[in-house]
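Trainee: I'd like to learn how to read metal sites, aromatic pairs and salt bridges. Can you walk me through a case?

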Amino acid sequence: MTETPASVPAVSPAFAAELAAVAARIAETAGRRIVELRDAGVDVAATKSSATDVVTAADHEAERLVTDLIREARPDDGVLGEEGASDSGTTGITWVVDPIDGTVNYLYDLPIFSVSIAATVTDPDAFADGRRAIAGAVSAPRSGELFVAAQGGGATRNGVPIRVSGQQDLGLALVGTGFGYTAERRAEQAEVVARVLPRIRDIRRLGSAAYDLCMVASGRLDAYYERGLQPWDYAAAALIASEAGAELLGVDAQTPPGEPLLLAAPPAIARALHDTVSAKR
Ligand code: IPD
Ligand code: CA
Ligand code: CA
């Protein structure tokens with residue numbers, strides 16, 4: 001991965017909104033394309049961290065499509081994609097892309113998968129990977145949903161403003177989570193879920209971290225947490241959740257949200273869920 005330039009561009013609301021519109025247009029285009037590819041049939045092209053961590057030809061094609069469209073719209077920006085796109089650019093903006101988030105659902109033709117595209121700037125304090133989205137879009141093409149946010153401009157679903165739930169009681173919270181692909185990671189995640197499950201309404205494992213975070217943003221899940229996420233899983237959707245009123249927490253006060261832990265919840269229950277996830281209660 002190449003270095004992001006140290007200079008951080010000034011971000012006016014109008015500029016953030018312009019980038020959000022670019023992200024939205026490209027996410028929708030790629031969403032349509034991955035549905036076409038899915039309907040034509042999908043095979044595993046390769047495996048990554050484990051035999052169950054798969055990548056399909058559609059992941060590669062969608063990433064190429066997204067990066068080509070980004071380069072057409074914003075030729076001097078950097079791009080970082082899950083399937084290998086890596087280019088530092090010269091503007092201080094880096095686009096972080098997950099061409100298909102929810103690849104296992106995609107493989108099985110389960111309807112929850114998404115395209116996630118974020119325009120990010122360097123910010124070591126905001127997220128564990130050192131970048132922060134200033135604009136982002138998540139397209140969930142099977143459900144016909146497009147989630148968009150721009151820094152300071154709120155979050156929308158199909159153009160309509162969204163908000164986190166008003167849940168105040170962790171015991172009544174419907175909580176999303178996800179699991180990584182390695183056996184070691186899953187054994188650890190199983191221990192956490194065993195601790196959390198008796199203390200909440202129920203768990204949902206939808207299969208796309210970006211979509212999970214958009215569900216928190218829409219109040220359709222009360223909260224979400226996961227360990228082991230990569231920047232492309234959360235870059236766009238964490239902005240969408242926070243613009244919709246979610247509090248984002250990392251593993252501890254010194255560590256911003258990201259790979260070690262990303263928890264998103266309405267402020268009234270965020271700390272209680274964090275304590276439960278991290279075995280403090
Ligand atoms: C995965 C999904 C899943 C989450 C995993 C991610 P992928 O991304 O977001 O919900 O639990 O941690 O790796 O592999 O489908 O792009
Ligand atoms: Ca992903
Ligand atoms: Ca992916």
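This is a predicted model: local features need pLDDT of at least 70, side-chain atom pairs count only at pLDDT 80 or more; totals for chains, interfaces and linings use all residues.

Trainee: What do D101 and D233 coordinate?

Mentor: For a metal site, list the donor atoms and then look at where they sit in the chain. The calcium ion (ligand 2) is coordinated by D98 (OD), D101 (OD) and D233 (OD), at 2.1 to 2.2 Å. The spacing of these donor residues along the sequence is D-x2-D-x131-D. D101 belongs to strand β5 (residues 94-101) and D233 to helix α6, so the pair ties together parts that are 132 residues apart in sequence.

Trainee: Which residue bridges the calcium ion (ligand 2) and the calcium ion (ligand 3)?

Mentor: That's D98, and the two ions lie 3.7 Å apart.

Trainee: On to the rings. How many aromatic pairs are there?

Mentor: Look at the distance between ring centres and the angle between the planes. Ring centres have to lie within 6.5 Å to pair, and the count here is 3 aromatic pairs. One of them is Y106 with F113, edge-to-face at 4.9 Å centre to centre, with 90° between the planes. Both Y106 and F113 are buried.

Trainee: And what kind of pair do F127 and Y234 form?

Mentor: A stacked one, 5.5 Å centre to centre and 25° between the planes. F127 is in the loop between β6 (114-122) and β7 (131-140), while Y234 is in helix α6 (residues 231-243), so this pair ties together parts that are 107 residues apart in sequence. F127 counts as buried at 10% relative accessibility, as does Y234 at 3%.

Trainee: How many salt bridges does the structure hold?

Mentor: There are 13. For each bridge, check the N to O distance, then the exposure of both partners. R220 and E145 meet at 2.8 Å, N to O. That pair links distant parts of the chain: R220 in the loop between α5 (209-217) and β13 (223-226), E145 in strand β8 (residues 145-150), 75 residues apart. R220 is partly exposed, with a relative accessible area of 44%, whereas E145 counts as buried at 4%.

Trainee: Which residues do salt bridges with shared partners join into one network?

Mentor: R38, D39, D109 and R142.

Trainee: How far apart are the closest N and O atoms of D123 and R132?

Mentor: In that salt bridge they are 2.7 Å apart. D123 is buried at 17% relative accessible area, and R132 is partly exposed at 24%.

Conventions
Residues are numbered from 1 along each chain as its sequence is written. Chains are lettered from A and ligands numbered from 1 in the order in which they are written. Side-chain values use heavy atoms; hydrogens and water are left out. Rings of Phe, Tyr and Trp (its six-membered ring) pair if their centres lie within 6.5 Å; planes under 30 degrees apart count as stacked, over 60 as edge-to-face and the rest as tilted. Buried means under 20% relative accessible area, exposed over 50%, partly exposed in between (1.4 Å probe, protein chains only). Helices (H or I, at least four residues) and strands (E, at least two) are DSSP runs, numbered from the N terminus. Donors are N, O and S atoms within 2.8 Å of the metal (3.2 Å for Na, K and Ca); water is not among the atoms, so sites may look incomplete. A salt bridge is a side-chain nitrogen of Lys or Arg within 4 Å of a carboxyl oxygen of Asp or Glu.
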